[in-house]
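Here's a quick tour of a two-chain model, written for someone who likes cut-offs spelled out. Have the structure open while you read.

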Number of protein chains: 2
Amino acid sequence: MDIKEISGGICAAEGFKAAGIHCGIKKDPEKKDLALILSEKKASCAAVYTLNFVKGAPLIVTKANIADGYAKAIICNSGNANTCNADGVKVAEGMCEDVAAALGISAGDVVVASTGVIGKPLDINVIKSGIPKLIKSLGRDGDGAAAAIMTTDIIKKELAVSFKCGGKICKLGGIAKGSGMIHPDMATLLVFITTDAAISPNMLHIALSEDVKTGFNMISVDGDTSTNDMVVVLANGMASNPEITADGEDFEVFRAALGKVTSELCKLIAKDGEGATKLIECSVKGALTDKDARAVARTVVSSPLVKTAVFGADANWGRVLCAAGYSGADADPFKIDVAFASAAGTVEVCKSGFGLPFSEEDAKKTLSDNEIRIEIDLNSGKGSARAYGCDLTYDYVRINGDYRS
Amino acid sequence: MDIKEISGGICAAEGFKAAGIHCGIKKDPEKKDLALILSEKKASCAAVYTLNFVKGAPLIVTKANIADGYAKAIICNSGNANTCNADGVKVAEGMCEDVAAALGISAGDVVVASTGVIGKPLDINVIKSGIPKLIKSLGRDGDGAAAAIMTTDIIKKELAVSFKCGGKICKLGGIAKGSGMIHPDMATLLVFITTDAAISPNMLHIALSEDVKTGFNMISVDGDTSTNDMVVVLANGMASNPEITADGEDFEVFRAALGKVTSELCKLIAKDGEGATKLIECSVKGALTDKDARAVARTVVSSPLVKTAVFGADANWGRVLCAAGYSGADADPFKIDVAFASAAGTVEVCKSGFGLPFSEEDAKKTLSDNEIRIEIDLNSGKGSARAYGCDLTYDYVRINGDYRS
């Protein structure tokens with residue numbers, strides 16, 4: 001399969017426009033807080049949502065709006081999660097109605113998302129007043145939208161690819177908002193993906209649901225799972241490929257393109273975890289099942305003791321073994337091999353559950369890189385998995401010690 | 001029941017001596033690293049162990065030694081966990097043999113424990129060389145032992161009580177080592193408890209197993225679960241009460257005395273969590289079951305976002321609701337009430353899942369205390385639970401960023 005990285009982000013695919021503006025939710029007028037993504041044609045739409053039983057009002061409204069499998073626009077604000085507010089659903093519906101009216105589309109074709117502080121009423125009038133400017137800003141440049149969904153994110157996260165499907169060149173691009181409150185087993189952040197490939201809502205849903213299992217569900221910043229996070233895909237069919245309606249070669253290439261974009265966004269999200277200085281990738285093989293491998297990989301990248309050790313470039317592999325031990329996975333501690341690796345080299349530290357002699361100097365060098373791999377072989381089966389996380393730093397504490405102010 | 005706090009710690013009960021010395025495992029000669037607790041008479045013994053599948057060698061040896069339900073001594077070193085070492089079991093057995101030979105008792109009557117770095121070979125000769133001095137230091141003052149089991153702990157944790165059982169005055173005291181790697185669902189630290197009450201090994205085991213469910217399993221410092229932690233109780237019968245061999249009034253008063261000591265040790269452990277400046281107590285009521293209540297309480301005190309908010313004295317109750325939401329408990333988000341409380345007052349922040357107006361100034365004052373209560377009412381049933389944790393601070397990161405050096 002020939003999947004090429006291209007520029008254009010969320011607007012790389014044909015027929016999509018986007019915009020991001022400051023409407024007044026965030027105090028700082030330099031910071032964008034309202035984003036819009038619009039498809040020229042009605043698009044197949046699929047979404048996955050957080051498993052937190054406390055769900056943001058926008059998720060409830062989006063779920064209802066895309067129940068028919070289609071949507072045309074996504075509106076998203078940052079700076080306020082519109083969650084745990086008595087009027088939350090009304091405000092989220094209002095956001096859809098206001099932008100739909102201004103665009104001349106149906107409110108039922110609008111996806112709505114919010115991110116920010118929980119439990120603070122969101123003033124619909126602030127958003128309403130921003131909508132004319134938002135629509136006026138719509139263009140083929142997705143940068144504004146990528147910026148407008150950021151909260152404590154430092155880097156903008158976007159990626160696009162082109163691929164051949166049904167004899168046509170298709171494009172698929174995405175933007176993501178991550179940083180804190182990110183943990184496995186949930187739709188753990190805000191991700192918006194657009195494509196001009198033609199695919200039925202049902203097949204789009206299958207592709208997305210499968211993808212999150214090995215993608216967004218395998219990243220962890222701090223073990224907290226947000227109430228608001230979701231991943232949404234719009235597919236408007238403007239590439240004119242024959243619509244994908246079943247399994248087959250076309251579906252596989254589509255899945256691969258989706259997987260390429262989501263896996264890169266995952267890495268960017270983990271790397272940009274609140275306060276993070278290093279990306280941690282944990283790859284596990286030799287597990288009895290993929291599920292066991294996933295449990296180990298996610299637990300290792302989630303362990304505060306592993307995360308602080310990586311921050312300190314300390315080859316404290318006992319903490320890795322310890323985290324594997326309480327992951328809930330089925331494994332034999334006396335078969336586990338562990339190595340630390342990075343661009344600076346690989347250091348084997350544990351063989352069959354026991355420590356190996358190694359050069360502390362080499363280990364320090366390896367762990368001083370900004371992309372660290374923890375390689376675990378359970379030597380028991382064929383299950384494998386990969387999880388992404390980040391180190392735990394002074395800045396994580398600083399950022400979260402006083403987030404609301 | 002009349003349970004009185006008394007002095008004397010681990011040596012409060014009749015017939016127990018203890019000692020703590022520096023033998024050379026820790027670099028700093030001022031820091032004690034080897035502890036001994038000795039009962040004049042053979043004692044009923046019960047223990048619970050970590051559920052981590054990676055188990056320290058000392059746990060394996062202890063389990064074998066106390067299989068008959070009795071023990072006379074506890075030897076414990078700090079500075080090295082003797083875990084994930086190829087010769088670990090041999091070294092742990094050697095510790096028992098050496099101290100038993102010097103004391104003139106059977107090696108099978110010795111409980112052995114270690115705490116510290118994982119995967120670093122422990123030199124038995126260093127311990128061997130310390131044993132004469134250790135035995136010479138034995139006395140009725142438990143302070144040395146309490147100090148010798150500390151790693152990154154800042155405060156010594158000990159408590160003793162007296163109670164009347166079977167017409168006799170009995171005493172029960174304990175010491176604990178905590179700080180990092182502490183999380184629910186495991187025997188999560190080192191705790192040694194001695195009593196002169198007479199109780200059969202079987203009833204002692206029942207009392208301890210029940211107690212850890214609401215005690216040590218309900219504290220969390222960082223969500224990591226150690227490979228080495230255990231709770232051990234020795235009961236030597238020297239109070240001459242009729243031996244407790246079944247349920248009944250005597251057993252209930254014994255359980256209450258044990259619960260008093262363990263619950264106070266729990267608080268001390270949570271309060272002394274690595275880098276902690278504040279004790280967080282989360283009390284949950286109105287849950288469908290006690291199990292649901294425990295899940296919510298433990299998840300809330302474990303959430304890094306809740307912990308950093310408490311550190312920053314930020315009344316970010318959305319994070320509390322969010323943590324409850326991913327606890328796995330069965331609950332209705334639209335019935336949840338949340339309040340923050342401390343000696344400085346109580347502030348209600350959330351009613352039926354929605355935010356209440358509250359004074360930020362009052363909330364700041366409440367959260368600036370060093371003992372914070374998070375009170376949650378799920379308004380759905382009669383289940384209740386209490387969990388203890390601590391705030392997440394810059395110092396946690398500092399302590400763990402470079403623990404080995």
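What follows covers the chain contact, a sheet, a helix with its neighbouring strand, and some salt bridges.

First, the ground rules: this is a predicted model, where local features need pLDDT of at least 70, side-chain atom pairs count only at pLDDT 80 or more, and totals for chains, interfaces and linings use all residues. Residues are numbered from 1 along each chain as its sequence is written, chains are lettered from A and ligands numbered from 1 in the order in which they are written, and side-chain values use heavy atoms, with hydrogens and water left out.

**Where the chains meet**

Chain A and chain B bury about 4500 Å² between them, and carbon and sulfur atoms give 62% of that. Buried area here is the accessible area (1.4 Å probe) that two parts lose on being put together, summed over both. Each side puts residues into the contact (heavy atoms within 4.5 Å): 55 from chain A and 55 from chain B. How many salt bridges are there between chain A and chain B? The count is 0.

**The sheet in chain A**

Helices (H or I, at least four residues) and strands (E, at least two) are DSSP runs, numbered from the N terminus. In chain A, 6 strands make an open, mixed sheet in the order E13-E12-E11-E14-E10-E15. Strands E13 (354-355) and E15 (383-390) of chain A are at the edges with a single partner strand each, so one side of each has no neighbour in the sheet. Strands E10 (residues 279-287) and E14 (residues 371-377) of chain A run parallel, joined by 7 bridges; strands count as paired if DSSP finds at least two bridges between them. A:Lys285 sits opposite A:Asp377 of E14(A). Helix H10 (residues 360-367) of chain A packs on this sheet, touching E11, E12 and E14 of chain A, and its direction makes about 120° with that of E12(A). That angle is taken on a 0 to 180 degrees scale between N-to-C directions, with axes fitted to C-alpha atoms, for helices over the stretch in contact.

Helix H10 (residues 360-367) of chain B has B:Ala363, B:Thr366 and B:Leu367 as its buried residues, buried meaning under 20% relative accessible area, exposed over 50% and partly exposed in between (1.4 Å probe, protein chains only). Down the axis of H10(B) these fall within an arc of 90°, so they line one face of the helix; the arc is that of the directions from the axis to the C-beta atoms. B:Glu361 and B:Lys365 are exposed on the other side of H10(B). The buried residues of H10(B) pack against H8, E11, E12 and E14 of chain B.

As for E11(B), 6 of its 6 residues are buried, so the strand is largely enclosed by the rest of the structure. E11(B) pairs antiparallel with E14(B) over 5 bridges, and with E12(B) over 5 bridges too. E11(B) and E12(B) form a hairpin with 2 residues between them.

**Salt bridges**

A salt bridge is a side-chain nitrogen of Lys or Arg within 4 Å of a carboxyl oxygen of Asp or Glu.

| Pair | Closest N and O atoms |
|---|---|
| A:Lys271 and A:Glu371 | 2.8 Å |
| B:Glu14 and B:Lys171 | 3.5 Å |
| B:Lys351 and B:Asp337 | 3.3 Å |

In the last pair, B:Lys351 is partly exposed at 45% relative accessibility, while B:Asp337 is buried at 14%.
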